[in-house]
Amino acid sequence: MEIITKRKMWFLVSLVIVIIGFGSLILNGLNLGIDFTGGTILHVSLGEEYEVEEVRDVLEDFGLEDSVIQQATDSQGETSEVIIRTTSLQEQERNEIIEGLRGNWPQIEDEDVLRSANVGATIGDELRSQAIWSLLIASIGMIAYISYRFEFSFAISAIVAILHDAFIVLTIFSLFQIEINSPFIAAVLTIIGYSINDTIVIFDRIRETLQLEKKLPLNDVITTSISKTLTRSLNTSGTTTLVLLSLLIFGGVTLRPFILALLIGVISGTYSSVFIASNVWSTLSEKMGSQYGNRKKSTS
């Protein structure tokens, strides 16, 4: 497998994706949802249990079928209330939607409209701040842990790989203008956890091979180690991808952006663990004068 000898090619592939991502972020930006931009919340008691798709069909008449629809329980424990989160609407538009709901649920009275209001982007600012802090704290913790277990160059390589994965998810969401909401933050943090786990497994095998094969050239150590873990990585990613594809198809519109982010992250995480993290570590070992960087590059 030509992972190390084709190092420049793998770096070039990722560099092209990064350039496309930056271009898309500059030209298109991100399609931020109500959590970040503010919008309208409608909380209505429908008086009986219902299916989410029934509410979505009503909203489709107003071009709001992509709204977030959340089922809520009443005081009797029945899921008869609905919380709709959508783009900012005028009072007249909100009244028209309530009238539309009355078309399906004529028992709705004025007092059944529990909340009808526009909300600001304060929630979005809090979420953005919390996401940045979560990413920063997670990165510092991972650098400290990996540096302790391995060495600093391994930690930097792992961070590069997970940032690479998170950026690819952002790139896809920017290119196709898929809405970003609060579950997206959870998806990105999950991707980071998945990617670092896969990378650590490969790094652990590299460290093991370095200790067992002290005269083996560095490139051969990396190739041998990745070969030993490749089947495990592909099987894990393959089964995870199948589950995510099923959820993407049958999980409903509300879950779709969250599942799509996970799916992209799993594929990217597998790629970066095999082709990026190890190559970055190999390069850093040579540049930083690591104890391993002095080994011969190859037997050939």
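Here's a quick briefing on the fold, the overall shape and the nonpolar cores of this protein. It's a predicted model, where local features need pLDDT of at least 70, side-chain atom pairs count only at pLDDT 80 or more, and totals for chains, interfaces and linings use all residues. Residues are numbered from 1 along each chain as its sequence is written, and side-chain values use heavy atoms, with hydrogens and water left out.

**Fold and shape**
- You're looking at nine helices and four strands, taken as DSSP runs (helices: H or I, at least four residues; strands: E, at least two) numbered from the N terminus.
- Along the sequence, the order is α-α-β-α-β-β-α-β-α-α-α-α-α.
- The radius of gyration is 24 Å, well over the 19 Å that the globule rule gives for 300 residues, so the protein is more spread out than a compact globule. That radius is taken over C-alpha atoms, and the rule is 2.2 Å times the number of residues to the power 0.38.
- Along the principal axes, the C-alpha atoms fill a box of roughly 80 × 35 × 30 Å.

**Nonpolar cores**
- A nonpolar core here is a set of buried Ala, Val, Leu, Ile, Met, Phe, Trp, Tyr and Cys residues joined through side-chain atoms within 4.5 Å; buried means under 20% relative accessible area (1.4 Å probe, protein chains only).
- In the largest core, with 52 residues, Ile146, Phe173, Phe203, Ile206 and Trp281 touch the most other members.
- Helices α5 (122-149), α6 (152-175), α7 (182-212), α8 (218-250) and α9 (256-287) each supply at least two residues of this core, and α9 gives the largest share, 14 residues.
- A second, separate core has 16 residues, among them Leu42, Val58, Ile84 and Ile97.

Definitions and conventions: Buried < 20%, exposed > 50% of the residue type's maximum accessible area, 1.4 Å probe, protein only.
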